Amino acid sequence: MDWSPILISLRTAITAIIITFFLGMYVAKWVFGMKSGKVKMLIDGLLTLPLVLPPTVVGFMLLYTFGINRPVGKFFLDYFSVRIVFSWSATVIAAVVISFPLMYRAARGAFEQVDMNLIYAGRTLGMSESRIFWRVLMPAALPGVASGGILAFARGLGEFGATAMIAGNIAGKTRTLPLAIYSDVAAGNMEGAYNYVLIIVAISFLIVLLMNYFTSKERRYKMKR
Amino acid sequence: MGLYVDIQKKLKGFSLNMQLETGGGFLGLLGASGCGKSMTLKCIAGIEKPDTGQIILNGRVLFDSEKKINLPPQKRRIGYLFQDYALFPNMTVEGNIGAGIRLPKIEKEEKINQMMEIFQLGQLKGRYPHQISGGQQQRVALARILASNPDVLLLDEPFSALDYYLREKLQVQLGEDLMSFHGDVLMVTHSRDEAYRLSNRLTIIKDGIPLIVGETKEIFRNPEYLEAAKITGCKNISRVEVISKEEVHATCWGVNFKVHEPIGKDIKYIGIRAHYFNGKPGGINQVGVKLTKVIDDPFEMNLVIKNKYAQNSKELWWKVSKNDWKSVYKEQMPDNLYVAPEDIMLLKE
């Protein structure tokens, strides 16, 4: 069995979740702090869009942005000599863009669930905004933020459509597990696909267990109050 | 010195237009739920922003809409005791008390220990808020606030989250705990008992506007306004027609009452507190007793009567102690009740 799709997938998913987790959390905090209104609705809509669009459409848009003849892609090529499309970094970009809305929405929801009086209390006690964020808001929202992170990780691991569009399906380079399964089936190698499927099912089941653990933690935390 | 507030803010359904001054001491804000009391506190603390006005604390301008000054809550030095205390659930008692202290580590620990000693919270040091009782939570919240050295203390319905039996005990306790605090205190409540017990001065609020300001005891004795009489718990209120300079006709009960002072032109109602009737014969301001209902409270009896001399008399509430009820009135209700003229409150609309 070729182990490279597993390694590529894990490397991609782990790199992507680190980016998605912090990006999603900070963007969620930013939107959470905004005054509600049309601007907030618009931004929220744009940030959620990758979740509802077909992944191939997202992939198309990414290709359109990072293609070597497009301004952004050309910029990276000219100044850093980096070609993004059809490289490993493209798998990460696809996974980040596709999994971002899950993280963002979970974190925003978790922040909104936090009792506003805790934040106000922090302010009147003279705590700085960043201290309130790390010492009050984050701990209270952590179960929700963590389960959002796990969900985003799972989504990044399973990413297929956008990855195929922008990173291609290059064996040993950009062929992630979902792409490997597709390729094996397309080539009639059902046995190879079968192994990959088992691995994906095992990882996914582990993720569901983790999710349940965090949501039960959240419930317990609420009962305490 | 003290806290001076004059703010306006448009809210859903009504406009807040609040003027108040603590002027050294304990000021109570008494009003029904949803009259803008809590919003006033939030504006003072800087959590909400008034549309226009001024907030000045000990000469420091916290908010001035004309000069475009609006200090963030962190810089206002205002202690805010939230209704549910807003203790940080992820921190221990010790962590909560230390949350607002901006000092080097050693001095911070000293300060925490000092506060825990004053508030007798030593044994609870490592506990989390959900592991301690409501009364203890209140004390931790208070210790946390006082540890941050505020210039003024705002209390938002401080006893509403507590069980009834704990309230009275903690009202006394809070009074004692606040002895060590030298700034002014502003308390919002809808409970007349709390307001009466704790505050030296009182402002009664109706629909976002201060109706009457004064010494607490004086306001309870003479609330002046219909709404103020209701909020301070007056059970018997009637519209009146003025008969002469010192006599009115109460239309609800069909009784003429002599009062103790000349009746102003704007007097439209009178109020009589349910405790102030007297069953001993020979007084003035006589109401004939027709008992319609007896309502049993733990330590008091509420006797609901109608004036038997008038047709269509509305109900009057008379409160008597259980003792008097058992020894006298249970067997024999008096024929008439009397009210001293000075116990009749003259009320404006």
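Colleague: How many residues of chain A are in contact with chain B, and how many of chain B with chain A?

Modeller: This is a predicted model, where local features need pLDDT of at least 70, side-chain atom pairs count only at pLDDT 80 or more, and totals for chains, interfaces and linings use all residues. Residues are numbered from 1 along each chain as its sequence is written, with chains lettered from A and ligands numbered from 1 in the order in which they are written. Contact means that C-beta atoms, placed from the backbone, lie within 7 Å. On that basis the counts are 16 residues of chain A and 19 residues of chain B.

Colleague: Which element gives the largest share of the side of chain A that touches chain B?

Modeller: H6 and H7 of chain A each supply at least two residues there. Helices here are DSSP runs (H or I, at least four residues), and strands are too (E, at least two), numbered from the N terminus. The largest share, 6 residues, comes from H6(A).

Colleague: Are H6(A) and H7(A) roughly parallel or roughly antiparallel?

Modeller: The axes of H6 (residues 116–124) and H7 (residues 129–157) of chain A come within 10 Å and cross at roughly 165°. Axes are lines fitted to C-alpha atoms, for helices over the stretch in contact, and angles run from 0 to 180 degrees between N-to-C directions. Angles over 145 degrees count as roughly antiparallel, under 35 as roughly parallel. That crossing therefore makes H6(A) and H7(A) roughly antiparallel.

Colleague: Over in chain B, what is the bridge partner of Val5(B) in S2(B)?

Modeller: S1 (residues 3–10) and S2 of chain B run antiparallel, joined by 7 bridges. In S2(B), the partner of Val5(B) is Leu20(B).

Key
Parallel < 35°, antiparallel > 145°, perpendicular 65-115°, else oblique. Contact = placed C-beta atoms within 7 Å. Pairing = 2+ DSSP bridges.
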